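Subject: Structure handover

Hello,

I am passing on the structure we spoke about, followed by notes on what was found in it. Please look through it before reading on.

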Amino acid sequence: MNALAQQTVGRIVAENLHTAKIFESYNIDFCCQGNIELAEACRSKGLDLEEVIRQINAAGRSQTRGQPDFFRLHLYDLTKYIVDVHHSYMYHLVPEIESHLQVASGTHAKSHPELKEALHTFAEFKDVFFRHMRMEEEEFFPYINALAQANVGTAPMPPPMKMGLSEYIRFLEEDHRTASGLITKIKSICNNYVIPSDACITYRLFITQLQELEADTHVHINLEESVLHPRARELEQELKS
Ligand SMILES: [Fe+2]
Ligand SMILES: [Fe+2]
């Protein structure tokens with residue numbers, strides 16, 4: 001059997017971010033359910049495994065040019081990449097979407113009352129995810145970076161995290177599921193991003209931005225769950241033994 005069949009979908013996306021679109025087109029969750037092998041994911045969706053592998057191969061190794069090898073990147077650089085690329089993007093995009101959603105829900109208060117619920121759910125998403133990113137930036141990433149320094153002997157072993165690394169990661173991954181669920185809820189409230197014929201420009205704009213936000217959140221979560229978290233657990237284990 002092709003080696004790709006036994007790889008997890010999360011790992012396939014982390015190795016080549018361009019494959020994310022292929023999984024999205026088949027409605028395969030590579031983000032919070034990324035730990036499933038490709039063969040099993042295809043079986044559960046009734047997909048032709050060989051055809052999906054053909055598409056993944058067609059996405060091509062050449063497309064990974066310019067993308068860091070996340071599995072080999074120094075942990076300091078990996079956490080920096082996540083903050084610089086994904087967290088910064090969120091801090092910039094989320095307030096913009098919120099303000100567009102506010103305007104559109106006012107303009108379309110009568111014709112699209114569901115936008116009020118979308119706005120409320122989006123505020124919930126913002127609370128969860130901003131609090132989550134702050135925890136990563138202020139506690140989790142510094143701890144991982146300290147572990148990486150201890151590993152090369154440039155700093156002593158940091159004191160263990162209060163709740164323990166595995167428990168802390170479990171907590172963060174629970175946040176990922178909550179945030180991902182809230183995005184799915186917003187998508188469903190917004191009729192799966194189908195833009196109604198009477199939509200104003202601001203309405204069209206926030207729908208496009210929501211789609212971008214969803215795609216980036218999936219890649220962001222997968223990078224943490226398929227690469228960063230396993231590498232951090234492994235490193236702590238190694239240093240303890
Ligand atoms: Fe993050
Ligand atoms: Fe996260």
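The domain assignment of the protein gives two stretches: domain 1 covers 3-64 and domain 2 covers 75-240. These bounds come from an automatic or database domain assignment. This is a predicted model, in which local features need pLDDT of at least 70 and side-chain atom pairs count only at pLDDT 80 or more, while totals for chains, interfaces and linings use all residues. Residues are numbered from 1 along each chain as its sequence is written, and chains are lettered from A and ligands numbered from 1 in the order in which they are written.

Domains

Taken over C-alpha atoms, the centres of domain 1 and domain 2 are 22 Å apart. Their contact takes 11 residues from domain 1 and 11 residues from domain 2; two residues are in contact if their C-beta atoms, placed from the backbone, lie within 7 Å. On the side of domain 1 that touches domain 2, helix α1 (residues 9-15) gives the most, with four residues. That side of domain 1 divides into seven nonpolar, three polar and one charged residues. Here Ala, Val, Leu, Ile, Met, Phe, Trp, Tyr, Cys and Pro count as nonpolar, Asp, Glu, Lys and Arg as charged, and the others, Gly among them, as polar.

Overall make-up

The protein has eight helices and zero strands, in the order α-α-α-α-α-α-α-α along the sequence. Helices (H or I, at least four residues) and strands (E, at least two) are DSSP runs, numbered from the N terminus. The C-alpha trace spans about 65 × 45 × 30 Å along its principal axes.

Helix packing

Helix α5 (residues 75-107) packs against helix α8 (residues 201-240) at an angle of about 155 degrees, and their axes are 9 Å apart. Axes are lines fitted to C-alpha atoms, for helices over the stretch in contact, and angles run from 0 to 180 degrees between N-to-C directions. The angle therefore makes α5 roughly antiparallel to α8. Angles under 35 degrees count as roughly parallel, over 145 as roughly antiparallel, 65 to 115 as roughly perpendicular and the rest as oblique. The crossing of α5 and α8 is left-handed, meaning that the near helix is turned anticlockwise from the far one by less than a right angle (right-handed if clockwise). Residues in the contact of α5 with α8 comprise 16 nonpolar, six polar and four charged.

α5 also packs with helix α6 (residues 114-151): their axes come within 10 Å and cross at roughly 165 degrees. α5 and α6 are therefore roughly antiparallel to each other, and their crossing is left-handed. By class, the contact of α5 with α6 has 17 nonpolar, five polar and four charged residues.

For α6 and α8, the axes come within 10 Å and cross at roughly 45 degrees, so α6 is oblique to α8. α6 passes α8 in a left-handed crossing. I144, L147, A148, A150 and N151 of α6 make the contact with A232, L235, E236 and L239 of α8. Seven nonpolar, one polar and one charged residues make up the contact of α6 with α8.

Regards
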